[in-house]
Amino acid sequence: MKIALWLVLGLVFAIGAYIRLAPSDPARWHIAPQVEADKDLKGGVMRVVETGPDGLARLDALAQVTPRTSVLAGSVDDGMITYVTRTKVIGFPDYTTAQQDGDTLRIYGRLRFGGSDFGVNKARIDAWLGQM
């Protein structure tokens, strides 16, 4: 019985370590969002917003001060940025890619692990847009 408990605890620890330490490949996640209209998804959200030409710069300023959020790839000068935002306890990564297309800002936020993000990407991205 004790051995089974230790095996389960070891498995939980290994899964948690993988979730927190798994590398994020920019080639997989830093891809231009194919977003034509706002859409709520089970594991993410898509937004298209008319922001003017400085929308990405304004979004970047908000994302940079969001807790547990870092830039995976890109920059304002590149016209596209992908952010990784991790949950507080386990460190589940969510990816948000934003691309400036003229006066239009296209945003795609999605989870990496699991089938549902429980609305956290929608809440974060809509909060950023609300602050803009």
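Trainee: Which residues does leucine 105 touch, not counting residues up to four places away in sequence?
Mentor: Leucine 105 touches Arg47, Val48, Val49, Thr51, Gly55, Leu56, Leu59, Ala98, Gln99, Gln100 and Met132. Contact here means heavy atoms within 4.5 Å. Keep in mind that this is a predicted model, where local features need pLDDT of at least 70, side-chain atom pairs count only at pLDDT 80 or more, and totals for chains, interfaces and linings use all residues. Residues are numbered from 1 along each chain as its sequence is written, and side-chain values use heavy atoms, with hydrogens and water left out.
Trainee: OK, and which residues have the most contacts inside the largest nonpolar core?
Mentor: Leu56, Leu59, Ala98, Leu105, Ile107, Ile125 and Trp128, in a core of 13 residues. A nonpolar core is a set of buried Ala, Val, Leu, Ile, Met, Phe, Trp, Tyr and Cys residues joined through side-chain atoms within 4.5 Å. Buried means under 20% relative accessible area, exposed over 50%, and partly exposed in between (1.4 Å probe, protein chains only).
Trainee: Which elements give two or more residues to this core?
Mentor: Those are α3 (55-64), β4, β6 (104-111) and α4 (120-131). The most comes from α3, with 4 residues. Helices (H or I, at least four residues) and strands (E, at least two) are DSSP runs, numbered from the N terminus.
Trainee: Switching to threonine 82: where does that residue lie?
Mentor: Threonine 82 is in strand β4, residues 80-86.
Trainee: Why does threonine 82 count as buried?
Mentor: Because its relative accessible area is 0%. Its neighbours, leaving out residues up to four places away in sequence, are Trp29, His30, Ser70, Val71, Leu72, Ala73, Tyr95, Thr96 and Thr97.
Trainee: What joins the side chains of threonine 82 and threonine 97?
Mentor: A polar contact of 2.9 Å. That's a pair of N or O atoms within 3.5 Å; within protein, one must be able to donate a hydrogen and the other to accept it, and residues adjacent in sequence count only if both atoms are side-chain atoms.
Trainee: Now the big picture: how many helices and strands are in the protein?
Mentor: There are 4 helices and 6 strands, and along the sequence the pattern reads α-α-β-β-α-β-β-β-β-α. The C-alpha trace spans about 60 × 25 × 25 Å along its principal axes.
Trainee: And how much of the protein counts as buried?
Mentor: 39% of the 132 residues.
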